[in-house]
Amino acid sequence: MPPDAPTSTATAPEASPPGQQREAVPIGRRVLRAFLYQRELTPIVITIALFAYFAFRAGSNFTDTLSLSSAVGFAGPVAGIAIGEVLLLVLAEIDLSAGQVFLFCPWVMYWMHQDGLSLVLAIVIALLAVSAVGAINGLITVRLNVPSFVTTLAMNFILYGVVLTASNNLQGSPIPLSGQTSFIAQFMGVWKWSEILWVIALTIILTVLLTRTRFGVRIVATGGNLVGAAEAGVPTRRVKVWCFVICSFVAGLVGIIDSIKYGTLDPGNFGVDYILYAVGACVIGGTALTGGRGTVVGAFIGAILLGVLQDGLTVIGVSTNDFFIYVGVVIIIAMALNVQFDRIIARSRSR
């Protein structure tokens with residue numbers, strides 16, 4: 001370099017390591033992502049908003065213990081069926097007999113106890129019976145390739161017919177433990193909050209099963225891509241059968257607790273009403289009916305939302321018949337939001 005050449009003291013800016021260049025994400029976008037990826041947040045916000053609205057409109061008439069126990073009394077059975085149904089909906093299957101299983105299981109317990117068996121043995125036999133129902137549903141679906149919609153619809157009518165025939169259209173009463181004050185009676189359903197506590201415990205167990213275990217990974221994989229999961233070595237048929245069994249077992253267990261709570265069994269109760277509410281709770285909670293995605297906690301929250309809606313409308317004087325209109329509107333809105341969320345997520349991942 002010549003001695004009179006100008007020298008420059010400016011230095012080039014140091015290149016930042018590739019992994020350290022992070023653009024600040026606006027708070028609004030973070031909140032939006034939370035709503036998109038954590039589907040439970042949407043029904044939580046709606047439930048809180050409904051609760052606040054009814055509390056403002058009705059005051060203590062809505063927030064007192066009697067009113068809240070009524071909301072929980074409606075939500076408990078729906079949630080108990082819905083949390084098991086989520087496993088099948090993630091598989092892109094459905095169990096329309098779960099509502100009737102909920103009603104059938106306590107009948108089996110009642111009949112066994114009436115025949116002289118101990119209560120513990122009667123409960124065990126009842127739960128084994130409904131687990132067998134779930135296994136039959138699953139085997140017919142995966143072995144005979146009968147759509148689960150058809151299989152479980154038929155099973156719903158079969159169980160209803162068995163109850164009507166075996167009971168001679170007579171109510172079952174008294175249910176063992178109902179009306180008693182012992183600890184085991186209170187624990188098994190007599191205490192007005194025991195049913196919802198049982199459902200919360202089952203919700204936690206099934207959430208861990210779906211999100212923290214290999215079996216849960218297989219459920220999601222099977223529902224997301226059946227052929228791909230099978231080629232990867234996932235025993236897809238076995239996974240489906242076990243999910244039918246779990247769904248029936250959970251519905252039957254909650255059915256026993258619910259029967260002890262109320263003390264009587266009505267053979268005329270039809271399970272279709274329960275399953276429709278349960279599927280609605282799953283949809284509201286963010287579970288996709290097309291499979292591959294679902295949340296047990298969301299289904300539970302969806303059931304709570306329906307309970308708050310039902311009790312709140314009653315307290316403020318809205319006709320019971322109008323409740324069905326509101327439920328339908330909520331389900332349509334929830335399903336439309338889920339579809340839009342899926343599109344937004346797919347669009348963001350493709351960028």
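User: How far apart are the end C-alpha atoms of helix 13 (residues 272-284)?

Analyst: A helix here is a DSSP run of H or I, at least four residues long, numbered from the N terminus. Helix 13 has 13 residues, and at 1.5 Å a residue it should span 18 Å. That expected span is 1.5 Å times one less than the number of residues. The end C-alpha atoms agree with this, because their separation is 18 Å.

User: Which helix has the highest confidence?

Analyst: This is a predicted model, where local features need pLDDT of at least 70, side-chain atom pairs count only at pLDDT 80 or more, and totals for chains, interfaces and linings use all residues. Residues are numbered from 1 along each chain as its sequence is written, and side-chain values use heavy atoms, leaving out hydrogens and water. The protein's mean pLDDT (the predictor's confidence in each residue, from 0 to 100) is 87. Confidence is lowest in helix 1 (residues 27-37), with a mean of 63, and highest, at 97, in helix 6.

User: Is Gly286 buried or exposed?

Analyst: Gly286 sits in the loop between helix 13 and helix 14. Its C-alpha is 5.4 Å from that of Arg39, though the two are 247 residues apart in sequence. Buried means under 20% relative accessible area, exposed over 50%, and partly exposed in between (1.4 Å probe, protein chains only). Gly286 has 1% relative accessibility, so it counts as buried.

User: Why does Val142 count as buried?

Analyst: Val142 belongs to helix 6. Its C-alpha is 5.9 Å from that of Arg237, a residue 95 places away along the chain. Val142 counts as buried because its relative accessible area is 8%.

User: How many disulfides does the whole structure hold?

Analyst: A disulfide is a pair of cysteine sulfur atoms within 2.5 Å. Take Cys247, which is buried with a relative accessible area of 1%. The nearest cysteine sulfur to that of Cys247 belongs to Cys282, 8.8 Å away. A search of the whole structure gives a disulfide count of 0.

User: Which helix gives the most residues to the lining of the largest cavity?

Analyst: A cavity is a set of points, on a 1 Å grid over the protein atoms alone, where a 1.4 Å probe fits but cannot get out; lining residues have an atom within 4 Å of a point. The largest has a volume of about 30 Å³, and its lining includes Gln310, Leu313 and Phe323. Two elements give two or more residues each, helix 14 (296-315) and helix 15 (320-350). With 3 residues, the one giving the most is helix 14.

User: Which residue is joined to Pro174 by a cis peptide bond?

Analyst: Pro174 lies in the loop between helix 7 (148-167) and helix 8 (183-190). The omega of this cis bond is about -5 degrees. The partner of Pro174 is Ser173.

User: What is the phi of Asn168?

Analyst: Asn168 lies in the loop between helix 7 and helix 8. It is exposed, because its relative accessibility is 59%. Asn168 is not a glycine, yet its phi is positive, at about 55 degrees.

User: Where is Ala92 found?

Analyst: Ala92 has a positive phi near 65 degrees, and it is not a glycine. At 39% relative accessibility, it counts as partly exposed. Its place is the loop between helix 4 (65-90) and helix 5 (98-114).

Notes:
On a 1 Å grid over the protein atoms alone, a cavity is a set of points where a 1.4 Å probe fits but cannot get out, and a pocket is an open set with protein on both sides within 12 Å along at least five of seven lines; lining residues have an atom within 4 Å of a point. Grid points are joined across faces, edges and corners, and a volume is the space filled by probe spheres set on the points.
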